[in-house]
Amino acid sequence: MVDAFRMHIMQTKELGTCPVRQIGGCSFLYMRISNVYIVIVVSSNANVACAFKFVVEAVALFKSYFGGAFDEDAIRNNFVLIYELLDEIMDFGYPQNLSPEILKLYITQEGVRSPFSSKPSDKPVPNATLQVTGAVGWRREGLVYKKNEVFLDIVESVNLLMSSKGSVLRCDVTGKILMKCFLSGMPDLKLGLNDKIGLEKEAQLKSRPTKSGKTIELDDVTFHQCVNLTRFNSEKTVSFVPPDGEFELMKYRITEGVNLPFRVLPTIKELGRTRMEINVKVKSVFGAKMFALGVVVKVPVPKQTAKTSFQTTSGKAKYNASIDSLVWK
């Protein structure tokens, strides 16, 4: 199988076309992570999405054991540990438990570049068994903190496509809620959102007109496995028993009612065949009490650009030849 993959796929330079290739009666599903190819070979009609999800989860598990690195050296150094982990995460071609929190309870061997070398390894195995079979597999029992703390961050990015006339062609916001939990025991947390899904059920929508401005319509919502989906569907509240430490609680997308933070107004003049003049104006549209940090404007220029000169009202600008653009910070 290794030879077939090397000869038919790597040497024919057909890696970039498709991540699934059929050779003979077998399908090769492969991913490249840093300088390593991970290949899954199946002879039956397997679930490809499940296979790739398994690879991603397995790499995350290996990274947590190796201290964040997954490359050729990490695999060479941790050969025995990888065999031991593979024995636990896959049986007869079926994915098993891939949670680093649980596996670290009973595979206590440390990776070569591991940051958790001082962890006590005398954990009782019944604890692990309860987790493997229990409903809360992502959280260990018996956690105790002197101070109970929860940190919550919302990270959003606005993606916008605008025409040359200045009209918005496409605009959406992708966001994620990141949490850091240091809580004792098994806490049950609830999170409220002012979205349309929760505040305006279909029955109420028919009886009264929709209010604008106060509610946000979330389009695609993805939750961490700890969220109780049945309660979300019935009560529209996000209730969950959080994992210990840092994790991503949910992801979402918004396409309606997006207020843009900036307006960029460019004017381009061609002065003869070899010179051009670009004037870029950036206006902030948000309120006077808010401010923006680390604003960078990249102006793409032709590849043959020989010389540039700028005038900036504020900040600094320079020509970056490697990305063929002017960078104004």
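**Entry 1**

Met1 sits in the segment before α1 (2-10), where helices (H or I, at least four residues) and strands (E, at least two) are DSSP runs numbered from the N terminus. I noted Met1 as exposed because its relative accessibility is 55%; the classes are buried under 20% relative accessible area, exposed over 50%, and partly exposed in between (1.4 Å probe, protein chains only).

I kept two notes on the conventions. Residues are numbered from 1 along each chain as its sequence is written, and side-chain values use heavy atoms, with hydrogens and water left out. Because the model is predicted, local features need pLDDT of at least 70 and side-chain atom pairs count only at pLDDT 80 or more, whereas totals for chains, interfaces and linings use all residues.

**Entry 2: the second largest pocket**

I then turned to the second largest pocket, which has a volume of about 1100 Å³. Of the 27 residues that line this pocket, Met276, Glu277, Ile278, Ser309 and Leu326 are the closest to its centre. The elements giving two or more residues to the lining are β12 (262-271), β13 (275-284) and β16 (325-328), and β13 gives the most, with six residues.

For the terms, a pocket is an open set of points on a 1 Å grid over the protein atoms alone, where a 1.4 Å probe fits, with protein on both sides within 12 Å along at least five of seven lines, and lining residues have an atom within 4 Å of a point. Grid points are joined across faces, edges and corners, and the volume is the space filled by probe spheres set on the points.

**Entry 3: salt bridges**

I counted a salt bridge wherever a side-chain nitrogen of Lys or Arg lies within 4 Å of a carboxyl oxygen of Asp or Glu, and by this rule the count comes to ten.

One of them joins the side chains of Arg6 and Asp3 at 3.0 Å, N to O; both residues lie in helix α1, three residues apart, which is about one turn of the helix. Arg6 is partly exposed at 38% relative accessible area, and Asp3 is partly exposed at 45%.

Another pairs Glu246 with Lys180 at 3.9 Å, N to O. Glu246 lies in strand β11 (residues 245-254) and Lys180 in strand β7 (residues 168-182), so this pair ties together parts that are 66 residues apart in sequence. Glu246 is exposed at 60% relative accessible area, whereas Lys180 is partly exposed at 35%.

I also looked up Glu248 and Lys251, whose closest N and O atoms are 3.8 Å apart in a salt bridge. Glu248 is partly exposed at 29% relative accessible area, and Lys251 is partly exposed at 42%. Elsewhere, salt bridges that share partners join Glu72, Asp73 and Arg76 into one network.

**Entry 4: backbone angles**

Which residues other than glycine have a positive phi near 50°? I noted Phe92 and Asp324. Most residues other than glycine have a negative phi. Phe92 lies in the loop between β4 (90-91) and β5 (94-95) and is exposed, with 83% relative accessible area. Asp324 lies in the loop between β15 (317-320) and β16, but it counts as buried at 19% relative accessibility.

**Entry 5: pairs across the sequence**

Last, I checked Asp188, which is in the loop between β7 and β8 (189-191) and counts as exposed at 51% relative accessibility. Asp188 and Val241 are 53 residues apart in sequence, and their C-alpha atoms are 4.8 Å apart in space.
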